[in-house]
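Here are my notes for anyone opening this entry without having seen it before. Have the viewer ready, and take the points in order.

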Amino acid sequence: MSPSAEQWAAAVAAVRSAGAGDEVLLICHVNPDGDALGSMLGFALGLRRLGFTRIQATFPGQFSIPDPYAGLPGLDLLVPETDAYGDPGMVMVFDVASESRLGGLAGRLAAAPRSVVLDHHASNTGFGQVRLVDPLAAATSVVAEQLLSRLDVPLDAEIAECFYVALATDTGSFKFDMTTVAVHELAARLIATGIRPGEISRRIFDSKPFGAMKLTGEVLGRAVLDPAAAGGLGMVWTYATLSDLERYSQPPYVLDTLIDPVRSVAEADVSVLVKQVGTREWSVSLRSKGAVDVSGVAISQGGGGHRLAAGFTGFGEPDDVVATVRRLLDDFLN
Ligand code: AMP
Ligand code: MN
Ligand code: MN
């Protein structure tokens, strides 16, 4: 269900009732992607246009910005979790499906006198005072842009660049099923501010260090095709370890888009990328071409996501994690 008229009105009222001098803390999910950072920073810039003077944007965990997003407008508002306002007058949350994705910042949300949650995950667990959760939105930036519009903040090129990056990443460069007429209409309005889609796309999709390309080659080289998995629909999987990253001197974010070549395998409906994040701890990306709802698998393991793209944290060795996914797929299909 998309947000109701009452929920939109409550969100507008929450922002309007905060004083321009109040501390506003914006938070997106751990290990932020283009939508998390883009929707949050675009909205932060909108708040600045509204006259707010004390704005911080942050996310939990290690404070590193993936290179493709290092040029985003509004980055001057970004602070590490440890520097974030301790007792903000308003908290706004972006692209976060469950409170666990807020890490150590969940307490800020709970204690805030005003809170607004903007999201588009069908698996959103329902937290925060005002909830703008639209599972039909292609990206959280779609929701953020609508709220700015209801606050009478016009789009400018800086806000538009943030929202465009968010929209382009979450639609896989306008390729996924969620790429509706409304998505293209929003993209058109964003581009009309003067931003350069070609330049932005090159930066966020088509630019990677040489070492990342070599690492990709090695990780793809060890992929396994399991035609019998997912009730015969097929599954393809591979994994990347911390020592792989170290060997090629690459930061973890280079693995964020590695699921894309894996999911292009024609013989498999389901694709899985198992990325090491710690000792016997793995961040698991799941994709489906449509026959299987992978969010069910992710949610059953404490993760979340969408029908065709989901993730969770797994434990053990990559073989164990994949065996669990294989078993759950069979359970869900039976
Ligand atoms: P990823 O595979 O990391 O690109 O994530 C795909 C989708 O699953 C995104 O919508 C994420 O928000 C969601 N997701 C990934 N990992 C988790 C997790 N541990 N908990 C909840 N949602 C997740
Ligand atoms: Mn995200
Ligand atoms: Mn998103």
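A polar contact, a term used in point 5, is a pair of N or O atoms within 3.5 Å; within protein, one must be able to donate a hydrogen and the other to accept it, and residues adjacent in sequence count only if both atoms are side-chain atoms.

1. Some ground rules. This is a predicted model, so to speak plainly: local features need pLDDT of at least 70, side-chain atom pairs count only at pLDDT 80 or more, and totals for chains, interfaces and linings use all residues. Residues are numbered from 1 along each chain as its sequence is written, chains are lettered from A and ligands numbered from 1 in the order in which they are written, and side-chain values use heavy atoms, with hydrogens and water left out.

2. Start with the manganese ion (ligand 2). His29 (NE2), Asp33 (OD) and Asp95 (OD) coordinate it at 2.1 to 2.3 Å. Donors here are N, O and S atoms within 2.8 Å of the metal (3.2 Å for Na, K and Ca); water is not among the atoms, so sites may look incomplete. Along the chain these donors are spaced H-x3-D-x61-D. Helices (H or I, at least four residues) and strands (E, at least two) are DSSP runs, numbered from the N terminus.

3. Now the manganese ion (ligand 3). Its protein donors are Asp35 (OD), Asp95 (OD), His120 (NE2) and Asp170 (OD), 2.1 to 2.3 Å away, and their spacing reads D-x59-D-x24-H-x49-D. Which residue joins the two manganese ions? Asp95 bridges ligand 3 and ligand 2, which lie 3.8 Å apart. From Asp95 to His120 is 25 residues, with His120 in the loop between strand 4 (115–119) and strand 5 (130–133).

4. The cut-offs are under 20% relative accessible area for buried and over 50% for exposed, with partly exposed in between (1.4 Å probe, protein chains only). Asp83, in the loop between strand 2 (55–58) and strand 3, is partly exposed at 48%.

5. Next, ligand 1. The residues around it include Arg101, His121, Ser285, Arg287 and Phe312, where being near means having a heavy atom within 4 Å. A side-chain N or O atom of Arg101 is 3.5 Å from an oxygen atom of ligand 1.

6. Finally, the annotation. UniProt, in an unreviewed entry, places "domain: DHHA1" at residues 254–326; positions follow the numbering used here, feature names are shortened, and annotations may be inferred rather than shown by experiment. That stretch is 29% helix and 36% strand, with its end C-alpha atoms 26 Å apart.
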